[in-house]
Amino acid sequence: MMKLVKLFIHHQTLRKNNMLLDFAAYLRDARTMFGAVSGEWERPIKRDDMILNDYLNLDITLSQLMVQTQTVNADTPYAVQMYTNQDLVDAYAQALTQFLLISLKQQWTHLMVLEDADLVAFNRFPQRNLMHQFDGIKTMLLNSYHQKRQDDFSHAWRSFLKLGLNELALEPEKLDAAVKRTLFVEN
């Protein structure tokens, strides 16, 4: 009976989290910035290179997340910088927004909205080594770009959400606020 109560509470928490992370609303807000940012570049790029630029920007943000979470050990000396939890949430929200923009440009928005059952499934296989998780996300993103495979993009998206909600244990309320700030600043 106790196990059933814990499962019910966990499901209710996820239901609350899913409502707080309203991916459909984020997509609607991101749609307005679909092409706005590129119009302000000092050095414009060819239209054919815009989606590559988006993928590379997402790769950079994922690399920044790896540094902030101390996932990798630097093999060159650099000044140690202390990051706050808010820095981590903001960087994660930036990457989430970049995922949304790519999905809009690739017309893969149907991959972005997840159900409670999807979020529950993320708990089944915790990733203990974040290097593997980041490497997997980046590999799937490169495959989705070069081979135009939406399945790889979908897997990268799910792995990214799992990383944030489970391994990094980001609070949905803080993440929601950061995503909204990111979308608002970009608009």
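## A partly exposed glutamate to start

Glutamate 171 is partly exposed, with 42% relative accessible area; here buried means under 20%, exposed over 50% and partly exposed in between, using a 1.4 Å probe and protein chains only. Glutamate 171 makes a salt bridge with lysine 174, and their closest N and O atoms are 3.7 Å apart. A salt bridge here is a side-chain nitrogen of Lys or Arg within 4 Å of a carboxyl oxygen of Asp or Glu. Lysine 174 is also partly exposed, at 37%.

A word on the model: this is a predicted structure, in which local features need pLDDT of at least 70 and side-chain atom pairs count only at pLDDT 80 or more, while totals for chains, interfaces and linings use all residues. Residues are numbered from 1 along each chain as its sequence is written, and side-chain values use heavy atoms, with hydrogens and water left out.

The structure holds seven salt bridges. One of them joins lysine 138 to aspartate 59, with 3.1 Å between the closest N and O atoms. This pair links distant parts of the chain, since lysine 138 belongs to helix α6 and aspartate 59 to helix α3, 79 residues apart. Helices are DSSP runs of H or I with at least four residues, strands are runs of E with at least two, and both are numbered from the N terminus. Lysine 138 counts as buried at 14% relative accessibility, whereas aspartate 59 is partly exposed at 28%.

Aspartate 90 pairs with arginine 181 in a further salt bridge, the closest N and O atoms being 2.8 Å apart. Aspartate 90 lies in helix α4 and arginine 181 in helix α8, so this bridge ties together parts that are 91 residues apart in sequence. Both ends are partly exposed: aspartate 90 has a relative accessible area of 30%, and arginine 181 one of 40%.

## The nonpolar core

Which residues have the most contacts inside the largest nonpolar core? They are Leu96, Phe99 and Phe160, in a core of 48 residues. Such a core is a set of buried Ala, Val, Leu, Ile, Met, Phe, Trp, Tyr and Cys residues joined through side-chain atoms within 4.5 Å. Helices α2, α3, α4 (85–106), α6, α7 and α8 (172–186) each supply at least two residues, and α4 gives the most, with 12.

Contacts here mean heavy atoms within 4.5 Å, and the lists below leave out residues up to four places away in sequence. Phenylalanine 99 touches Leu58, Met112, Ile137, Leu141, Phe153, Ala156, Trp157 and Phe160. Leucine 141, in helix α6 (residues 130–146), is buried at 6% relative accessible area. The contacts of leucine 141 include Tyr55, Leu62 and Phe153, and its C-alpha is 7.5 Å from that of tyrosine 55, a residue 86 places away along the chain.

## Aromatic pairs

Aromatic pairs come to nine. To count, rings of Phe, Tyr and Trp (its six-membered ring) need centres within 6.5 Å; planes under 30 degrees apart are stacked, over 60 edge-to-face and the rest tilted. The rings of phenylalanine 23 and tyrosine 26 are edge-to-face, because their centres are 6.0 Å apart and their planes stand at 80°. Both residues lie in helix α2, three residues apart, about one turn of the helix, and both are buried.

Tyrosine 92 and phenylalanine 160 are stacked, because their ring centres are 4.1 Å apart and their planes meet at 5°. This pair also links distant parts of the chain, with tyrosine 92 in helix α4 and phenylalanine 160 in helix α7, 68 residues apart. Tyrosine 92 is buried at 0% relative accessible area, and phenylalanine 160 is buried at 0% too. One aromatic cluster takes in Phe23, Tyr26, Tyr92, Phe99, Trp108, Phe153, Trp157 and Phe160.

## Helix α7

Helix α7 (residues 150–167) has 18 residues and spans 24 Å from first C-alpha to last, close to the 26 Å expected; the expected span is 1.5 Å times one less than the number of residues. Its buried residues include Phe153, Ala156, Trp157 and Phe160. Alanine 169 follows α7 and has a positive phi, near 50°.
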